Amino acid sequence: MAKRAARILLVGGGHSHVEVLRRFALEPDAGTALTLVSPDATTPYSGMLPGTVAGLYTPAQASIDLVPLTAWAGARFIRDEVVSLDLYSKTVSLATGNLEAFDFISIDIGSTPPVTVPGAHQYTLGVKPVPAFLAAWDEIRADAASGKLSTIAVVGGGAGGVEVLLAMQYRLHLELGDAAPRFALITDQSHVLAQHAAGVRARMGRILVARGVVLHLDSAAIAVERNTVIVKHGRRIAADRIIWATGAAPAGWLAASGLGCDAAGFIAIDADLKSVTHPFVFAAGDCASQIDAPRPKSGVFAVRQGPPLAANLRRVVHDVPLHQHRPQRHALALISTGNRHAIASWTSLVVEGDWVWRWKDWVDRVFMAKYVPPKVAPTTSV
């Protein structure tokens, strides 16, 4: 009797998993049976989100179509959401009530901004999940055009918050001119882009000030009410819309499953990208933390995990020793400023210009082109 193919369940269509699918498409493996579970048929590329908000890309240009990609890999596609994981029976429960069994599982579901601050869940809009944010962004543009908005506040002074703010400002200024809403940036840090070098912080600070963004530095949000962010010492900052772009939080079902997790609730993985507690579980991207080499939650690191994850999923099925992944210590950041202009940040080095944006645009388009199958094969979906 022929040996049954090992069932590999990919949970989430994140940056690492799309590369897994591509690599299995380029080099099929008869010993594996791949299934992808994702609540969406497309996955947005984080590097192009600011450009999408600014109107420089359409949502389709900035998204990877998972259905033809899974078909290219010879995989099944299930449009559903995992809500729980049973490590003993090796099954996941889906939002529709169905169960899906596996022999090996890989999790790449990203993260969402933490909304533990009282009122944040009710009165703010998170930048993730991206599809929901983009749908709400269309509503914000409509409200701004009808004169309903005078101020938009972004909470979070990291690259994600700054890029989204400048992209929104650029788009609304193009559409409404002087009638566009004013913008405020709220951060608990004493600088914007606190994880970057002083030269990067200074350049971005000058850009924000030159564009009239009101900066509330060293202003940790402690509560949110309707149209108001309350920061430390009780100071109140009014805004008609509040965008939440702070940090990263994991899905609750990860720790609830019994998987070993770090203190924040992200899956603890080793250098093999494998769970430190369950050897049949792999993970990558923002939902995981590599214990021996922790790195910031960034799409740059998730992209780099794709090739070794694909190799190790293939190797574990055939009982071959796994490869260890050593993430780079520093990542090049190409930070867009809303218009076709960007800042490049690498350790203490910084350059900026329109040419940096053209470089970023080229890098992003080349990346996206890799996940367009040469031709679409028939798909099996449920």
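Axes are lines fitted to C-alpha atoms, for helices over the stretch in contact, and angles run from 0 to 180 degrees between N-to-C directions. The structure is a predicted model, in which local features need pLDDT of at least 70 and side-chain atom pairs count only at pLDDT 80 or more, while totals for chains, interfaces and linings use all residues. Residues are numbered from 1 along each chain as its sequence is written, and side-chain values use heavy atoms, with hydrogens and water left out.

**Helix pairs**

Helices (H or I, at least four residues) and strands (E, at least two) are DSSP runs numbered from the N terminus. Two helix pairs are listed below.

| Pair | Axis separation | Angle |
|---|---|---|
| α1 and α9 (residues 299-317) | within 7 Å | roughly 40 degrees |
| α5 (residues 130-145) and α6 (residues 159-176) | 11 Å | about 40 degrees |

The angle makes α5 oblique to α6; under 35 degrees counts as roughly parallel, over 145 as roughly antiparallel, 65 to 115 as roughly perpendicular, and the rest as oblique. The crossing of α5 and α6 is right-handed, meaning that the near helix is turned clockwise from the far one by less than a right angle. Contact means heavy atoms within 4.5 Å. On the α5 side it is made by Phe133, Trp137, Arg141, Ala144 and Ala145, and on the α6 side by Val164, Met168, Arg171, Leu172, Glu175 and Leu176. These residues comprise eight nonpolar, no polar and three charged. Here Ala, Val, Leu, Ile, Met, Phe, Trp, Tyr, Cys and Pro count as nonpolar, Asp, Glu, Lys and Arg as charged, and the others, Gly among them, as polar.

For the other pair, α1 is likewise oblique to α9, and α1 passes α9 in a right-handed crossing. Residues of α1 in this contact include His15, Glu19 and Phe24, and those of α9 include Gly306, Pro307 and Leu313. The contact of α1 with α9 divides into eight nonpolar, six polar and three charged residues.

Glu19 lies in α1, which spans residues 15-26. At 3% relative accessibility, Glu19 counts as buried; buried means under 20% relative accessible area, exposed over 50%, and partly exposed in between (1.4 Å probe, protein chains only). Leaving aside residues up to four places away in sequence, Glu19 touches Gly306, Pro307, Lys370 and Tyr371.

Two strands pair if DSSP finds at least two bridges between them. Strand β14 (residues 221-225) is joined to β15 by four bridges, and the two run antiparallel. Ala223 stands opposite Ile230 in β15. Two residues lie between the strands of this hairpin, where Asn227 takes a positive phi near 65 degrees. On β15 (residues 228-231), Thr228 and Ile230 point one way, Val229 and Val231 point the other way, and all are buried. Three bridges connect β15 to the antiparallel strand β16 (residues 236-238), with Ala238 as the bridge partner of Thr228. The β15 and β16 hairpin has four residues between its strands, and His233 in the turn has a positive phi of about 70 degrees.

**The β21-β22-β23 sheet**

Three strands form an open antiparallel sheet in the order β21-β22-β23. Because β21 (333-337) and β23 (349-353) stand at the edges with a single partner strand each, one side of each is left without a neighbour in the sheet. Neighbouring strands are turned by 20 degrees against each other on average, direction ignored. Five bridges join β21 to β22 (residues 339-346), and Ile335 stands opposite Ile343 in β22. Helix α6 lies across β21 and β22, running at about 30 degrees to β21. Helix α10 (residues 354-369) packs on the sheet and touches β21, β22 and β23, its direction making about 85 degrees with that of β22.
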